[in-house]
Amino acid sequence: MNLQTNLLFILLLLLSVVAQCIFGNFPFAFFAFPLDVLLALIWMGGMGYVYKEKRSSRFVRLWLSPQCTYWTLGWLLAGCLVIGLFPQLSAQEIAGKSGIFVRLGCYHFTSSWIFVVGLFGLLTHLGMITLRRAFLPGRNRWRFVLNHAGLWLALFAGFIGSAEEQTLRMPVFRTSPSNEAFTEQGTRVYLPKSLQLITFTVEHYPNGSPRHFFADISIDGKPAHLEVNHPYAASWAEDYYLTSYDVQSSQPQYCVVQIVREPLKFLMWLGIVMMLCGSCLLFLAGPDRQKALSSEVDASC
């Protein structure tokens, strides 16, 4: 089983490297709604069916093996190491670079085929482990299931939600409203709402450098207050961040607003809450388990 698991993950790693070199980064935009939802349902339903009907098969036992755990966690840790060692750049910045590390997607690694395939393997392994524990008898299994299902949901929402996430930058002027924004690739996008700068305030240090700045803008006539690190929630899935302003004028004539759209943000938060609740229950169950073990030892004596 160990040899088969090693061969499977070596094959997956080689295929992901080849796909990255040939096709470039993973095409998240292609898997936007509703295709992402359909594929997610097929994936989850497939895991449930395979485990329930084929749990004794070699394929299922492979994904439940400890060797699979080592591979998936090691793959994830290696990916995190790459993200930490290489600066994660925008598409325009990457376009000016060349070399093997660019071909492997190291400068935007979370969207590379290598990282996506590794995360897919981790989610499949984690999902199979959670299903195995859920089908076992015993009331205490739900602590484990809640913890691992929450982790799975948080990773899943971040993975699938990448197809729906969008980051836009938009200059907002005093003189007139505008609905023209730009993607990270520099593509012009027209929003269904117009933004206009109303007031802008900058607070300075004694040496003249900016200490804090905030703006009041109008979003289709509705006032909104923006500060650095204090976004304005336009909806449950859309936040507005104040990122920059006109530094050439004593009275800034425009500011730069970053618009972040994350449709699955709250699903990811739900997974985190589930994981924390499961961890707390597992922690609280520790003394009870230790007490039960002590009682069994005393009885045997």
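How do strands β1 and β2 pair, and over how many bridges? Strand β1 (residues 166–173) and strand β2 (residues 178–183) pair in the antiparallel sense, over 2 bridges. This is a predicted model, in which local features need pLDDT of at least 70, side-chain atom pairs count only at pLDDT 80 or more, and totals for chains, interfaces and linings use all residues. Residues are numbered from 1 along each chain as its sequence is written, and side-chain values use heavy atoms, with hydrogens and water left out.

**View 1. The open sheet has 8 strands with antiparallel pairing.** The strand order is β5-β4-β3-β2-β1-β8-β7-β6. Strands are DSSP runs of E with at least two residues, helices are runs of H or I with at least four residues, and both are numbered from the N terminus. Two strands pair if DSSP finds at least two bridges between them. The edge strands, β5 (222–227) and β6 (232–235), each pair on one side only. From one strand to the next, the twist averages 40 degrees. Such angles run from 0 to 180 degrees between N-to-C directions, with axes as lines fitted to C-alpha atoms, for helices over the stretch in contact. Look for arginine 169: its bridge partner in β2 is phenylalanine 182.

**View 2. A hairpin joins β4 and β5.** These two strands pair in the antiparallel sense over 6 bridges. Phenylalanine 214 has glutamate 227 in β5 as its bridge partner. The hairpin has 2 residues between the strands, and aspartate 220 takes a positive phi near 55 degrees there. Most residues other than glycine have a negative phi. Aspartate 220 counts as exposed because its relative accessibility is 52%. The cut-offs are under 20% relative accessible area for buried, over 50% for exposed, and in between for partly exposed (1.4 Å probe, protein chains only).

**View 3. Asparagine 229 lies in the loop between β5 and β6.** Its phi is near 65 degrees, a positive value in a residue other than glycine. At 69% relative accessibility, asparagine 229 counts as exposed.

**View 4. Isoleucine 259 lies in strand β8 (residues 254–261).** Is isoleucine 259 buried or exposed? Its relative accessibility is 0%, so isoleucine 259 counts as buried. Not counting residues up to four places away in sequence, isoleucine 259 touches Gln166, Thr167, Leu168, Met170, Leu191, Glu238, Asp239 and Tyr240. Contact means heavy atoms within 4.5 Å. Leucine 8 is 251 residues from isoleucine 259 in sequence and 41 Å away in space, C-alpha to C-alpha.

**View 5. The structure holds 20 aromatic pairs.** Rings of Phe, Tyr and Trp (its six-membered ring) pair if their centres lie within 6.5 Å; planes under 30 degrees apart count as stacked, over 60 as edge-to-face and the rest as tilted. The rings of tyrosine 51 and phenylalanine 135 have centres 5.5 Å apart and planes at 35 degrees, so this pair is tilted. The pair links distant parts of the chain, 84 residues apart: tyrosine 51 is in helix α2 (residues 35–54) and phenylalanine 135 in helix α7 (residues 113–135). Tyrosine 51 counts as buried at 5% relative accessibility, whereas phenylalanine 135 counts as partly exposed at 43%. A second pair is also tilted, because the rings of phenylalanine 213 and tyrosine 245 have centres 4.8 Å apart and planes at 55 degrees. Elsewhere, Phe9, Phe59, Trp63, Trp71 and Trp75 form one aromatic cluster.

**View 6. Charged ends sit over two rings.** Arginine 55 lies over the face of phenylalanine 135, 5.3 Å from the ring centre. Lysine 97 has its charged end over the ring of tyrosine 107, 5.3 Å from its centre. The test asks for NZ of Lys or CZ of Arg within 6 Å of the ring centre and within 35 degrees of the ring normal.

**View 7. The largest nonpolar core has 36 residues.** A nonpolar core is a set of buried Ala, Val, Leu, Ile, Met, Phe, Trp, Tyr and Cys residues joined through side-chain atoms within 4.5 Å. Leu123, Met128, Phe156 and Phe159 touch the most other members. Helices α2, α3 (58–63), α4 (66–85), α7 and α8 (141–160) each supply at least two residues. The most come from α7, with 10 residues. Apart from this core lies another, of 22 residues, including Met170, Ala181, Ile219 and Tyr240.
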